[in-house]
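Visitor: I would like a short tour of this protein chain. Please show me the model.

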Amino acid sequence: MSTTIIQFFHWYSEGNGKLWKEAEKQASHLAKLGITSVWFPPAYKGTNGGYSVGYDAYDLYDLGEFDQKGSLPTKYGTHHDYLKAIKALKKQNIDIIVDIVLGHKGGGDELEKFKAVKVDENNREKMISDVMEIESYTKFTFPGRGKKYSDFEWNFTCFSGVDYAEGMESHIFKIQSEYGNDWEEMIDDEKGNYDYLMYNDIEHRNPFVREELNTWAEWYFKLTDFDGVRLDALKHISFDFYKEWLTMLRSNSGKNIFAVGEYWAPGQLNLLQKYIEVTEGCMSLFDSSLQNNFHTASNEGGSYDLRRIFDETLTQADPMHSVSLVDNHDTQPLQDLEAPVEAWFKPLAYALILLRENGYPCVFYPDLYGAHYTDKGRDGNDQEIFLEKVDGIEELLKARKDHAYGTQRDYFEDANCLGWTREGDDEHSGCAVVLSNKEAYSKPMEMGKCYSGKEFYDLLKRSKEKVTIDENGWGNFPVPAGNVSVWISK
């Protein structure tokens with residue numbers, strides 16, 4: 001059975017508590033398309049209550065149940081709606097992947113005084129002040145929830161840094177505490193040390209913090225019976241922490257929880273491989289290098305050498321630990337890491353992740369449903385964005401579910417036209433895939449002698465002609481200019 005994830009949200013997903021209800025309604029449709037896992041956004045209350053996308057985590061125990069930060073529901077709905085959506089998806093044998101944000105907390109309830117030093121924002125190892133006393137919102141008492149589910153209160157010893165000090169200009173302040181006057185160890189020296197990302201940076205060396213985050217994970221699992229986790233912002237979190245946290249989660253749940261992490265380093269395969277090595281392969285990673293290749297190829301058009309598309313990618317170097325994607329909520333237009341794949345190339349990119357044997361593909365919500373939103377552009381002016389659903393995305397998903405099996409034969413000899421065949425297996429007939437980023441093309445490829453005399457047609461209806469497989473198991477498969485064709489037998 002093929003496995004496919006959908007990221008069932010984007011940065012500008014509609015609010016007003018609608019997402020969980022939509023997921024419940026879409027469950028059977030997703031199953032028919034061959035979706036086997038749904039990745040949901042962070043389900044807990046953020047600093048802006050019902051407006052928070054969720055990556056500004058405030059209370060991990062508030063899944064839209066308590067009146068906090070100006071609302072009871074989260075942006076996506078209530079605690080009850082969330083559990084109903086999960087139940088509906090599981091009824092369709094679709095796994096649930098929950099988004100885990102354990103690098104920082106925002107929206108503290110009370111001010112506290114403590115010692116800290118200012119650091120250079122471009123080199124966080126460099127102190128630019130003496131030790132001084134500052135006051136910041138590092139006390140979390142969760143007055144709306146009280147002691148329900150947990151009586152743990154967060155204070156300044158639970159954090160390693162903040163970006164707010166009462167009465168001072170915003171800056172990064174390194175907290176001086178018994179757990180360390182330096183940052184936690186990272187695998188790279190970007191910005192000197194990139195432990196600090198935003199808000200109140202969680203101090204994972206504090207044993208009480210680790211215990212609470214392990215306890216919370218066990219509580220969350222018992223409530224939702226999730227099947228996988230997406231780990232946010234790994235570049236800014238101790239790798240030792242997540243090794244321990246995942247071990248505890250898998251042990252406490254009695255389940256081999258799937259894990260995929262976000263270590264966003266486009267064009268830096270060495271960092272992805274280093275992270276997998278230091279975490280002893282306990283999780284997969286999103287293939288940010290492949291996404292960047294897609295972005296580049298879509299902008300360069302016919303001048304891009306398609307034979308390089310998998311160069312320096314995790315999907316090629318370590319497919320067992322790769323989750324491949326075309327776009328996500330960070331790369332979509334108007335986001336800080338904006339690097340969208342142009343619409344014309346998206347069907348080609350999806351064929352490359354859905355119909356080949358390497359990688360675990362993840363489909364992005366706007367690519368299946370479309371999206372329309374407005375936000376500030378880099379020039380400070382409002383921009384209106386229309387994202388159309390990817391042409392032929394349902395057919396590509398169904399081709400993965402029904403035909404992308406068996407021996408793979410690659411035909412990557414042309415700079416502007418790639419092709420491959422999947423021979424199929426005892427239960428599934430195979431397919432032939434051809435894509436071009438320039439002119440129309442026809443590519444001779446071997447399907448296998450078991451298909452001799454059989455007629456193939458283009459599932460995507462890009463081509464109206466038929467291809468008959470010869471006595472040696474070969475066919476000549478065409479593709480229109482700048483497009484993709486997926487050929488299956490009648």
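This is a predicted model: local features need pLDDT of at least 70, side-chain atom pairs count only at pLDDT 80 or more; totals for chains, interfaces and linings use all residues.

Visitor: How many Å separate the centres of domain 1 and domain 2?
Guide: The domain assignment gives domain 1 as 5–103 + 207–399. Domain 2 is 406–489. Taken over C-alpha atoms, the centres of the two are separated by 31 Å.

Visitor: What area is buried between domain 1 and domain 2?
Guide: The contact takes 21 residues from domain 1 and 24 residues from domain 2. Carbon and sulfur atoms give 63% of the buried area. The total is about 1900 Å².

Visitor: Which residues in domain 1 lose the most area to domain 2?
Guide: Three residues together account for 31% of what the domain 1 side buries. They are Leu306, Arg307 and Arg356.

Visitor: Which residue forms a salt bridge with Arg356?
Guide: Side chains of opposite charge can pair when their charged atoms come close. For Arg356, the closest N and O atoms of the pair are 2.9 Å apart, inside the 4 Å cut-off. The partner is Asp410.

Visitor: How many residue pairs are in polar contact between domain 1 and domain 2?
Guide: Salt bridges between the two domains number two. For polar contacts, both residues must be at pLDDT 80 or more. That count is 10 residue pairs.

Visitor: Which element gives the largest share of the side of domain 1 that touches domain 2?
Guide: Two elements give two or more residues to this side: helix 8 (346–354) and helix 10 (393–403). By class, the side has 12 nonpolar, three polar and six charged residues. The largest share, four residues, comes from helix 8.

Visitor: How many residues apart are Lys90 and Asp225?
Guide: The structure holds 33 salt bridges. Lys90 forms one with Asp225, the closest N and O atoms being 3.7 Å apart. Lys90 sits in helix 2, and Asp225 in the loop between helix 3 and strand 13. The pair links distant parts of the chain, 135 residues apart.

How values were computed:
Residues are numbered from 1 along each chain as its sequence is written. Side-chain values use heavy atoms; hydrogens and water are left out. Domain bounds come from an automatic or database domain assignment. Contact means heavy atoms within 4.5 Å. Buried area is the accessible area (1.4 Å probe) that two parts lose on being put together, summed over both. A salt bridge is a side-chain nitrogen of Lys or Arg within 4 Å of a carboxyl oxygen of Asp or Glu. A polar contact is a pair of N or O atoms within 3.5 Å; within protein, one must be able to donate a hydrogen and the other to accept it, and residues adjacent in sequence count only if both atoms are side-chain atoms. Ala, Val, Leu, Ile, Met, Phe, Trp, Tyr, Cys and Pro count as nonpolar, Asp, Glu, Lys and Arg as charged, and the others, Gly among them, as polar.
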